[in-house]
2 protein chains.
Amino acid sequence: MKTRMTPIALEKVELRDSFLAPRIAANRKATIPGLYESLRRNGRLDSFRLKNGGVHIFWDSDGAKWVEAAAYSLAVHPDPELEKRVDAYVDLMCRAQARDGYLNSYYQTMEPDRRWTDLMRNHELYCAGHLIEAAVALQEHCGKPRMLEALCRYADHIGSTFGTGKGKKRGYCGHPEIELALMRLYRATSRGEYLDLASYFIDERGRKPHYYDTEAAGAGRKPEADPQRYDYYQAHRPLRDQTTAEGHAVRACYLFAGMADVAAETGDAGLRKACRRLWDNIEGKRLYVTGGIGSGVHQERFTVDYDLPDERAYSETCASIALIFFAQRMLHADLDRRYADVMEQALYNCVAASVSLDGTRFFYANRLAVYPKLLQRGISGEFPPFRDAWFQCACCPPNIARLFASLGGYVASASKDALALHLYAAGDLKADLGGKEVKLSVDTKYPWDGRVRIRVSLKDPAAFSLCLRLPAWCARPQLSLGGKRLAISRMEKAGYAHVARTWRDGDAVELDLPMEVQRLSAHPSVRQASGMVALRRGPIVYCLEECDNGADLADISLPRSSKLAAHWEKSLLGGCVTLTGKALRRDRKGWDGLLYRPSPSRRKTASLKAVPYCLWDNRKEGEMRVWIREE
Amino acid sequence: MKTRMTPIALEKVELRDSFLAPRIAANRKATIPGLYESLRRNGRLDSFRLKNGGVHIFWDSDGAKWVEAAAYSLAVHPDPELEKRVDAYVDLMCRAQARDGYLNSYYQTMEPDRRWTDLMRNHELYCAGHLIEAAVALQEHCGKPRMLEALCRYADHIGSTFGTGKGKKRGYCGHPEIELALMRLYRATSRGEYLDLASYFIDERGRKPHYYDTEAAGAGRKPEADPQRYDYYQAHRPLRDQTTAEGHAVRACYLFAGMADVAAETGDAGLRKACRRLWDNIEGKRLYVTGGIGSGVHQERFTVDYDLPDERAYSETCASIALIFFAQRMLHADLDRRYADVMEQALYNCVAASVSLDGTRFFYANRLAVYPKLLQRGISGEFPPFRDAWFQCACCPPNIARLFASLGGYVASASKDALALHLYAAGDLKADLGGKEVKLSVDTKYPWDGRVRIRVSLKDPAAFSLCLRLPAWCARPQLSLGGKRLAISRMEKAGYAHVARTWRDGDAVELDLPMEVQRLSAHPSVRQASGMVALRRGPIVYCLEECDNGADLADISLPRSSKLAAHWEKSLLGGCVTLTGKALRRDRKGWDGLLYRPSPSRRKTASLKAVPYCLWDNRKEGEMRVWIREE
């Protein structure tokens, strides 16, 4: 049975936990204002003046993502100064809009006569999509309609430009984003033409004759000799025929999120099936244990099945955020824990790691092993080893800002007769189940402890299912109601315990998700993790840092028999559980001046301490690694 | 005690072994003619017409290296057709020479007014160096003086342009090569000004004010903000102050070879010490087990100590060849097996692997692990997985050609009272020891078997030391003379057995170098080889190929207790010794659709077969790896 649900709006969720809530606060206090300064300094907030040179093709998206983040933050935390900044941006933007609705600061400033001539490379519809998302957020969360009105006019202009109708361009954007944005616009306005336009963009992609061939020929460029090369843009073949997640990972998951939205709204089974196939490929063959995706540094892309390098992981922050978007769409069409599990995996590991605890510094690439000496001084030509305050290509920081500002919206969902909890965090939420208001109070130390106590408050008794995710990482979840154990296996559907009954005010459910320290192995085809284990406890993936374990982390090995103990460390990194145990290191005796030798080194006992991956690089700079050799 | 020696010329060495001799033959029959066709087709042999556009800054070096290879080949194998081709090239080149001696097809064709304006980037002196090497080879090995005369005029022109004298430029080339070439010219002509000029280039490098700053300023370019960045050119500081091998690996070792030459000729102890420090750094911290160097794909460079990735190894063919040049120079200033050992290691592994057995296809990068799926279709942006017939940047193939054509010259050296054998291969050689002619006949199946029988032929009894390298890979070498065991420890100096006596015609020495299968570990700081072993037998490093072991080679592990057996396989890959043993693989049961799981896989016994690394990619295409996980 499939239960179609709607996310509970972020305004209805108040988090008070020690993991997410401090991140949300740092995002509000440091990230959003800090990004404002960076964007301003770099000209991105002024680009709609249409006067300054040097505007880049995706500056509009940077500004728009910041506005979107601000809108979510304002929804739960009024801030007149921030509101003024948002209004000023919107005002400038509205005044820049062309009479026909067109709105793009790059083209309007730099190449006014070249609109829609390089869809493959120039991010025009991508920028439109981000502006639309910001506009929807301002309307839905702040009750500010002005940007939305402007963006509807722009969307109408886009609709009159693209499509299969006579005289229209049969194009689509090289960087997907417009698809999911149009679906948000459709839901915000109930105007069917936006659904139709999103469907058109999904269906047209990869068809022959190939639009990018035509476009290149028109511009005097050579079309790709090998159409497979369009996989970078997910345009190597029609989406319904794609079976593996290919190309630029952010583009891919934005697109798949849009596809999933279209499939959910239209009930298109073929499209839904294609979404599931692509999901299966990512989850089963192309996902880091941290929830990162897109392992290839070259072209920021998915590479091939089971190719998951650790030191050379690209695992872009935006890609993991895009995966969360995709997961959320899949989950709401089909309440299945696999989607929420991956959402949690990406959020609590890769994405949480992508920003410093104080919200001021960011990772673009989220490696699973870092060897600083190699990454310093540009020797390897790659990102430096530690977080940075800003990037020339600034997509990730504002993406982090908008995700953390809207995090409340990922916690739970409701239908008229069901209320589902996806993420466990201490706090309250209110849901409207077909007119009945239900409040849940969640008491837990998750993700550091697996006991979750949920108290139901409502005026009158009401019948509904409380659906609780049973994470796949937990082998033996237990559930009790008013102190009485429930037979969890009888109420489980697709990894959610559906507790269906007439609920009364004060009813309390206890979910116990025992958190053992796990040694994860990767599939035998993941060559980069052969003979190694990753440590996980609950949803949290661990890593070794040099400041706890000394340098040369790769030399540490963990005997299979070594017991790992978990400790709550209240004053470490904002409070977290660390793991310790006995490990081995090689004796360095006899190695002077030698690089290779026939005799093996003696092993020496060493102590190992692992900290949550999401908290690394908040102390002393040094090496880091997730995968540990097992002996 | 140091014994200064001179290499025995390649004409005096006749190899008949089953390893080197067939390579030399393939080089003569396939590589040299094949390269001629490629160079001709790509315009490189016509560039001295000074008429065609599109000449590249280092085309002269490609042609010159081919001429040099041809010269060596003609020295031992007359070939009128080849000789005609060489003469035609030389004729064209001589006619292109400017009146003042200048000779560079790029500048003369493309930027005639910009000579010597971009020494850092434009390879002008580098091309001069390769032309000089070719000229010396033609004179010394073929008795053709015409090119040498032209190049002396060019060298004189260079000498009048560069130096510390008034009005001279204080420059030096961004791509070293001129230094070692001038040393060859000096030895060929005995004209001291070439030694002085080489010394100047060595001494000036990296001095302040920095020439590349001055040059950049003159051209309106921004000088490097961080002088450390000049390490790419080995110009970050004066050479005598450099302690680690930095930057582009080919440039580095060409330069170090030139330095070693200058130090040997001038007796400059400081310079010699600097050479030894740089050698120590390479040998002790930056050398692949295959004899490759320069692990960084980015900038084809040395990276940091102990950074030796396998899949991402760059290990350029030219860099390993340059290392052989450096090793040979060090060896002839100081008879120490460490230099000859590395020479052997690079030659029998990395360099031998860089060309197919038939001499028609080449590696530019010599990886230690190859996963073809990742490298196909340009997904990773790197070289494809298998050898290619040609490269846009064509430095490696003609470098291979000139090394193999001159290989006889690396086998042995002589002084007036000593004759040293560095490489063991079946064949004959003739040496002149201060007027006494000595012939050695070597009978061995080396590198497949360690027994080496050396028979001395001479007219009259003569007193000299026969110095035999005792490779460091051999723990217990044995030596006998006329059937009687010699006490090797008493005659060993720096890894050579010095057998000093009065030799008579027919005397025979037997050197036995037992070849055991060794499992090499890397230094504990080499993170990419943690927990792994490389198999070596004699000088030969082994690898696994997919065609012998199935796919997913990284999943194979070798129990520490597993015995490895060596077999002579007469009809495999031209005849070679392979290794077999029992290994383990993980059971794939229970992995369907899973990427990570807490329970380890069961191990299944599998058989393992390793073939010489230098012979890989001569059969069916597939995965390859050198380092094997040990359990």
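## A buried aspartate

A:Asp555 is buried, with a relative accessible area of 2%; buried means under 20% relative accessible area, computed with a 1.4 Å probe on protein chains only. The model is predicted, so local features need pLDDT of at least 70 and side-chain atom pairs pLDDT 80 or more, while totals for chains, interfaces and linings use all residues. Residues are numbered from 1 along each chain as its sequence is written, chains are lettered from A in the order in which they are written, and side-chain values use heavy atoms, without hydrogens or water.

A:Asp555 lies in the loop between helix H17 (546-549) and strand S20 (557-558) of chain A. Helices (H or I, at least four residues) and strands (E, at least two) are DSSP runs, numbered from the N terminus. The side chain of A:Asp555 makes a polar contact of 2.7 Å with that of A:Arg586. A polar contact is a pair of N or O atoms within 3.5 Å; within protein, one must be able to donate a hydrogen and the other to accept it, and residues adjacent in sequence count only if both atoms are side-chain atoms. Leaving out residues up to four places away in sequence, A:Asp555 touches residues of chain A, including A:Leu584 and A:Arg629, and also B:Pro524 and B:Ser530. Contact means heavy atoms within 4.5 Å.

## Chain B against chain A

The contact involves 64 residues from chain B and 63 residues from chain A. About 5000 Å² is buried between the chains, 54% of it from carbon and sulfur atoms. Buried area is the accessible area (1.4 Å probe) that two parts lose on being put together, summed over both.

The rule finds 6 salt bridges across this interface, each a side-chain nitrogen of Lys or Arg within 4 Å of a carboxyl oxygen of Asp or Glu. A:Asp231 and B:Arg377 meet in a salt bridge of 3.1 Å, N to O. On the side of chain B that touches chain A, S17(B) gives the most, with 5 residues.

## Domains 2 and 3 of chain A

An automatic or database assignment places domain 2 of chain A at 413-512 and domain 3 at 517-630. Their centres, taken over C-alpha atoms, are 36 Å apart. Here 4 residues of domain 2 are in contact with 12 residues of domain 3.

About 680 Å² is buried between these domains, with 67% from carbon and sulfur atoms. In domain 2, A:Pro447, A:Trp448 and A:Trp473 lose the most area to domain 3, together 94% of what that side buries. The count between the two domains is 0 salt bridges.

Key: Buried means under 20% relative accessible area, exposed over 50%, partly exposed in between (1.4 Å probe, protein chains only).
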